[in-house]
Amino acid sequence: MVKQQEPEQNFVARRRELLKLGAAGMPMLLTLKASAAQPVHSAFDCLISLPEMCIMVGEDGAAWIVTDGAGRYDAGEAITTSTVNSFKSDASYVVPAGTVPDRYRSQEDCPDPCSGGGGGHDDEDDGWGDNDEDDGWGDEDEDDDCSSSDDDDDGHGNGHGHGHGDNEDDGWGDHDDDDDDGGEVDDAICKYKIYCYGDNTQIAPGNYVSESGNWNISGDTGLYLVVAAKYADLYGERGNFPGVSCLLSILIYLGQ
Amino acid sequence: MASGPIKQNWLWRANHSQYVYQQFGDIYYLYSRLSGDTHVLNSVSIAMIGLLEKKAHTLPSLAKAFRKELEVSADECPDGVVLRLLRELDDVGLIERVGEKAVAS
């Protein structure tokens with residue numbers, strides 16, 4: 001019985017403390033304006049003016065959002081691991097995996113790891129240069145499946161000559177242990193995609209809601225809505241994600 | 001919205017049909033259909049809204065009911081504080097004046 005009363009008593013106590021703050025002059029409500037410019041008379045009429053921002057979508061549907069310094073990124077740029085690392089470092093907001101639908105994720109094919117000019121590592125059991133076996137020849141990059149320039153299955157020549165003095169991944173004194181065969185193959189482009197929005201991009205979320213109250217998400221701005229909705233779901237108004245107040249108004253109105 | 005002094009015999013009411021709200025812990029997000037604004041209310045302000053949803057109150061009757069609801073004394077919650085909270089709600093259009101209580105002559 002005492003346990004049942006305890007939460008209620010705690011609530012009353014907290015409320016009493018709040019009232020003390022109210023008596024001291026602290027406002028007891030906070031208003032989030034749907035639009036800074038004018039009052040709005042419909043739940044769906046609020047308009048979001050985005051600051052310059054970029055959203056990077058990962059292959060698992062996670063997203064990173066950069067607002068400060070978004071100008072350094074370009075939706076059309078070829079993404080490298082360096083870009084990805086930089087973006088993640090700059091991100092002001094992050095939403096978890098599974099947030100972003102597949103259609104917004106990278107559709108690029110992963111680059112052929114063998115196209116980087118490497119060669120030298122066949123996948124054939126020739127017993128020489130490849131690292132499939134413990135042949136003791138010292139090629140260290142175990143992830144490459146690249147064939148050497150000669151495709152013959154002779155069981156000898158390919159790889160045999162690598163062991164000494166060349167500058168490929170033979171493990172004999174060159175330092176390119178992490179890149180595939182000397183030509184850097186960066187698969188970030190098939191794992192991440194960047195979307196950018198210009199300063200003052202305006203979005204009317206209400207336009208994405210059908211008469212039945214369902215969301216019809218499309219286009220690049222649709223991605224913003226997906227991410228903002230997730231953010232609203234996770235954090236509500238906290239964190240001041242751009243435009244979340246407007247979106248939250250609609251979500252509450254729709255009971256979602 | 002009332003401007004100037006609020007008379008003691010004015011009746012106030014909160015009209016639930018003019019807003020929707022969602023509770024997150026002790027916080028309430030209340031969306032006003034009239035203004036399009038979203039308001040963040042704590043447990044104190046939502047308590048006052050709740051009282052004014054149930055019935056129209058004058059300021060004195062509201063102060064009395066509010067203290068009872070919050071289980072506080074008049075020292076802890078003087079009429080002036082109740083008035084200020086009432087004004088806060090009125091300023092953003094969450095409550096409305098619905099008339100005057102007849103004064104016995």
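Author: A residue is buried under 20% relative accessible area, exposed over 50%, and partly exposed in between. The model discussed here is predicted.

Reader: Is B:Glu71 buried, partly exposed or exposed?

Author: B:Glu71 sits in the loop between H2 and H3 of chain B. Its relative accessibility is 47%.

Reader: What is the phi of B:Glu71?

Author: B:Glu71 is a residue other than glycine, yet its phi is positive. The value is near 55°.

Reader: And B:Arg87: which class does its relative accessible area give?

Author: B:Arg87 belongs to helix H3 of chain B. Its relative accessible area is 26%. Buried would need a value under 20%, and exposed one over 50%. So B:Arg87 is partly exposed.

Reader: How far apart in space are B:Arg87 and B:Ile6, C-alpha to C-alpha?

Author: In sequence, 81 residues separate B:Arg87 from B:Ile6. In space, C-alpha to C-alpha, the separation is 8.8 Å.

Reader: How many charged residues are in the contact of H1(B) with H2(B)?

Author: H1(B) brings B:Val44, B:Ala47, B:Met48, B:Leu51 and B:Leu52. H2(B) brings B:Leu62, B:Ala65, B:Phe66, B:Glu69 and B:Leu70. Glu counts as charged. By class there are 9 nonpolar residues, no polar ones, and the number charged is 1.

Reader: What about H1(B) and H3(B): how are they oriented to each other?

Author: H3 spans residues 79–91. The axes of H1(B) and H3(B) come within 11 Å and cross at roughly 80°. Angles of 65 to 115 degrees share one class. The two helices are therefore roughly perpendicular.

Reader: How many polar residues does the contact of H1(B) with H3(B) have?

Author: From H1(B) come B:Val44, B:Ser45, B:Met48, B:Ile49 and B:Leu52. From H3(B) come B:Val82, B:Leu85, B:Leu86 and B:Leu89. The contact has 8 nonpolar residues, no charged ones, and its polar count is 1.

Reader: What is the order of elements in chain B?

Author: Chain B has 3 helices and 5 strands. Of its 105 residues, 50% count as buried. From the N terminus on, the elements run β-β-β-β-α-α-α-β.

Reader: Now chain A. What share of its contacts between residues at least 6 apart joins residues at least 24 apart?

Author: Chain A holds 5 helices and 7 strands. Buried residues make up 42% of its 256 residues. Among contacts between residues at least 6 apart in sequence, the share joining residues at least 24 apart is 68%.

Reader: Which backbone oxygen does the side chain of A:Thr201 reach?

Author: A:Thr201 lies in strand E7, residues 201–203. Leaving aside neighbours within four places, it contacts A:Ile48, A:Ser49 and A:Leu50. At 2.6 Å, its side chain reaches the backbone oxygen of A:Gly198.

Methods. Residues numbered from 1 in each chain as written. Chains lettered and ligands numbered in written order. Predicted model: local features only at pLDDT ≥ 70, side-chain atom pairs only at ≥ 80, totals over all residues. Heavy atoms only, no water. Contact = heavy atoms within 4.5 Å. Helix = DSSP H or I, 4+ residues; strand = E, 2+ residues; numbered from the N terminus. Polar contact = N/O pair within 3.5 Å; in protein donor to acceptor, adjacent residues only side chain to side chain. Buried < 20%, exposed > 50% of the residue type's maximum accessible area, 1.4 Å probe, protein only. Axes fitted to C-alpha atoms, helices over the stretch in contact; angles between N-to-C directions. Parallel < 35°, antiparallel > 145°, perpendicular 65-115°, else oblique.
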